[in-house]
Amino acid sequence: MSTQPYEIIIGLEVHVQLLTKTKLFCRCSTAFGAPPNTQTCPVCLGMPGALPVMNRRAFRLALKTGLALECDIPRRMKWDRKNYFYPDLPKGYQISQFDLPLARHGRLWIYDPQDRFPPRPIRILRAHLEEDAGKSMHDEAAGQQDSRIDLNRAGTPLLEIVSQPDLRSPQEAKAYLTELKLLLQYLGVSDCNMQEGSLRVDANINLHITTSSGSVATPIVEVKNMNSFRAVERAMEYEAQRQYAEWQATGLTREQAPKQTRGWDDQAEVTVAQRQKEESSDYRYFPDPDLAPVIVDDALLEQTRAELGELPAALRERLQRDYQLDAYSADVLVNQGRSLVDYFLEVAEACGDAKRAGNWVQQDVLRVLKERQMAIDRFPVSASALGDLLQRIGRGEIPSARGKDVFQRMLDHGESPSQAVDALGIEAVDEEAVYALCRELLDANPRIVEDVRGGKTQAVGALIGQAKKRNPNADPATVKRICLELIQRASS
Amino acid sequence: MNTILQQSAADLLARMQAGDLSAVEVTRTFLDRIHRTDGDLQAFLLVDDEGAMAAAERVDERRARGESLGALAGLPVAIKDVLCVRGQRTTCGSRMLAAFRPPYDATLVTKLRQADAILIGKTNMDEFAMGSSNENSAFHPVRNPWDRERVPGGSSGGAAASIAARQVPLSIGTDTGGSIRQPASFCGVVGLKPTYGRVSRYGLVAFASSLDQAGPLARDARDVALLLEAIAGHDPLDSTSAPRPVSPYASQMDEPLKGLRVGVVRSHLAEGVSAAVSSAVEAALDVLRSQGATLLDIDLPHGRYGVAAYYVIAPCEASSNLARYDGIHFGFRTHEPDMLSELAAERRTAGAEFTESALMRLYCRTRTEGFGLEVKRRIMLGTFALSAGYQGRYYQKALQVRRLIRQDYDQAFERVDIVLGPTTPTTAYRLGEKLSDPLSMYMGDLFTVGANLAGLPAISIPCGFDDQGLPIGMQALAPPFEEGRLLRLAHQYQRCTDWHTRRPKLP
């Protein structure tokens, strides 16, 4: 980072659709994927005489988010009209918040599991509640230049979250988005699905270049059309290089050039300049006279704070502190969502060994969830059942080598640990039996005994395989130890 | 003359309830009257003969079966064409909505249906409620029944004329700066603007959201009370609607006026007001005094800024409310083939510098063709007053003045129960007289804008005629939600005067 002659300055603007059943000002459904213009009514169509009525749940979700982001919340809130003409904006204005947003001056801590940058807080400038516009699709097929307007999305509740330009690298930008998405999912505020458009990102980026005469700022560029966090990272990387090259060629600084808008082209992996707007729009913001101001009192704030629940950062810390998980494992679990963390906690309590529980959940449970594309709430092995299994392994009742077999059986047949153990014919094998087994094996394999005596200790591996065939319950490590011991004894 | 046309809504209701009269007879009578007189007056934009007769039949059938009926059962009500009636052309007096059929009813209309009123038709109005003479209707002006060369007032000109001409017993208008009261005054009928929030605005096509209110017009206070009770009330679909129960206005009107404190702004009866108007109002004050009211002089010091503040705030809100009329989703759209060839021709001449898009041209042509002059004037004014660099000086300033005007009234109401004065400075002027001087027309709103800016209920009551036989109205204001007090004042006044019973001579 310090090898490049410039500092990258990034601010992110994120729009999230709130997880409500209905729109911000009317009762139309917000469900994704319906045929065009089937989720509309006079209110979201902006028909003459229609009036907005605030969705209480959307308001509460927005408030929760503001509090979770450690923001200041104003006690009296209003909504403003942002006036402009566009076909996907049926009223000719968007109901938004201008100078008194729902939340201000907060922060979100970011960190990198790969330690490429130290953990630090990114300041949140503001978050406000507004309605979404519809979708316009430009149909330029077959010489047509029609635009098609779908107003299903018009009126959907959005929270616009704007960071200060505190991010200093593409990796930080990605980490910010990852952490924000996780937080919003934990709060139940949004499902943050970029494919379905419930999370959209625009970035503002420029460089501070170190020159012999001091620091020079390049013109700020707004980058749009990034459809994944990975795309954001790549776009920022590309744009930083592009801006540096451009500055070297033109020397233009931020004071000398207006803010530019560029779109990310994911195929070509470049940003492309978009048509400059004629003049910067004057939205003529004024308070919407159709909406009454909302008073937020202490009681409401306290109640909402109480509903936040345990957030990812706190949860990560608790898992490390109280369950002795390492940072990486804590991160893996928390990133999977609260349900999975709860699953882990239950398993850990049930078997009394957080570390073992952590390993099993991270590896075996997550692997299956991924393979089967399922969420933890559909996972066939309950937390108590897995806890039971792990407890038995811990007590030595089930040889750890057979543990996975039992688990697989529980998974495939829905059996309890006891049933699975019985079905597999697993029994604890005592040392006497292992000794007897090893003596048999050694007698049957003089060549291997010779090899081991000769120094090729690895040769004993073949015996372990044979032991497993004769008695699958024998613990391979124990077999190895006893075989070597017997060979040792015999040779001395 | 047919007695049905002479009787009040309250009396007609009583007769129908007594079985003396059927809803069909009543509706038929008024429909005939409309068809006979409206070719000349043009108070209506739409008359729904079929729907009204069918509704009247249903009321009679249900009454015959002994079913309980709504409070207005069988009474024809005319609705200003700014309120949405499902499936029925609702034009707002504009070319922009000339063919628009709303897919829903305004809440007020729903309430009228629930009251079993007969929705007889939609009345003519100034375009998008902008105007004080009904000359801004895109279709045709309305004529004052008292003198057909004169304006009925506006913007609810059709509503007021229809009562004066006995075309209907009850009418609904809307009032943003005086649009119920001023035409009521010019037409010699009673018109009431409720407290802001008393009547739902859902389905009332917005002109200025913080000022608009729908309200009743009728021949007397009792009829106005009847209609107000039916339409008032909280509406969950309107965030600005007041969650207060509706008072039983009709039963509050019989209390005598003894002890009522009436405040008068002396300057409102001085220069700027015609002699006929001020003497009629002075005479009315004498009547009230004789009924036991106490008169006090009050001052509303910021009242003189009312017109200026109103003509900033209302256009600002209108410029935003009317942005939706863009030819995209509903309503009028310019003729696209013509537009595209016009654009192509310009592009050819101008060459590379030509940057206007088809979308922009669509917006411009649609709004140029769809809106009338006064609407355009106000949209431009409002856009300007909200624009960057000017908003503080105009819009914000006007809001501050508004608060001062409200404070004036609050202080006055600590000393008086009613504020009384003329509704308008003059009687009805001639058609065409003020069209070339919009500012002079605006000044006619001098006494009425205060109630809208302050959100207060206000009523216009007929109180005399000038020497040309033109009606004069007096206006009373009360504190918020005291419509009952206004109606009581009007009713008691009407018990010992007969101005409200006079009717224009019509062919």
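**Entry 1: B:S387**

I started with the contacts of B:S387: leaving out residues up to four places away in sequence, B:S387 touches A:D282 and A:R284 (contact means heavy atoms within 4.5 Å). I am working with a predicted model, where local features need pLDDT of at least 70, side-chain atom pairs count only at pLDDT 80 or more, and totals for chains, interfaces and linings use all residues. Residues are numbered from 1 along each chain as its sequence is written, chains are lettered from A and ligands numbered from 1 in the order in which they are written, and side-chain values use heavy atoms, with hydrogens and water left out.

I found B:S387 in the loop between α13 (373-386) and α14 (392-415) of chain B; helices (H or I, at least four residues) and strands (E, at least two) are DSSP runs, numbered from the N terminus. B:S387 counts as buried because its relative accessibility is 13% (buried is under 20% relative accessible area, exposed over 50%, partly exposed in between, with a 1.4 Å probe and protein chains only). I also noted that its side chain reaches the backbone oxygen of B:F384 at 2.6 Å.

**Entry 2: A:H128**

Next I looked up A:H128, which sits in strand β6 (residues 120-131) of chain A. A:H128 is buried, because its relative accessible area is 3%. Setting aside neighbours within four places in sequence, I see A:H128 in contact with several residues, including A:S96, A:P101, A:L159 and A:E160.

**Entry 3: helix α11 of chain B**

I checked the length of α11 (residues 336-350) of chain B: at 1.5 Å a residue, its 15 residues should span 21 Å, and the end C-alpha atoms are 21 Å apart, so the two agree (the expected span is 1.5 Å times one less than the number of residues). After α11(B) comes B:G351, with a positive phi near 75°.

**Entry 4: the second largest pocket**

Last, I turned to the second largest pocket, which holds about 1100 Å³ of space. A pocket here is an open set of points on a 1 Å grid over the protein atoms alone, with protein on both sides within 12 Å along at least five of seven lines, and lining residues have an atom within 4 Å of a point. Of its 26 lining residues, A:R76, A:P293, B:S210, B:R402 and B:R403 are the closest to the centre. I noted that α14(B) gives the largest share of the lining, five residues.

Technical notes. Polar contact = N/O pair within 3.5 Å; in protein donor to acceptor, adjacent residues only side chain to side chain. 1 Å grid on protein atoms, 1.4 Å probe; cavity = no way out; pocket = protein on both sides within 12 Å on 5 of 7 lines; lining within 4 Å. Points joined across faces, edges and corners; volume = space filled by probe spheres on them.
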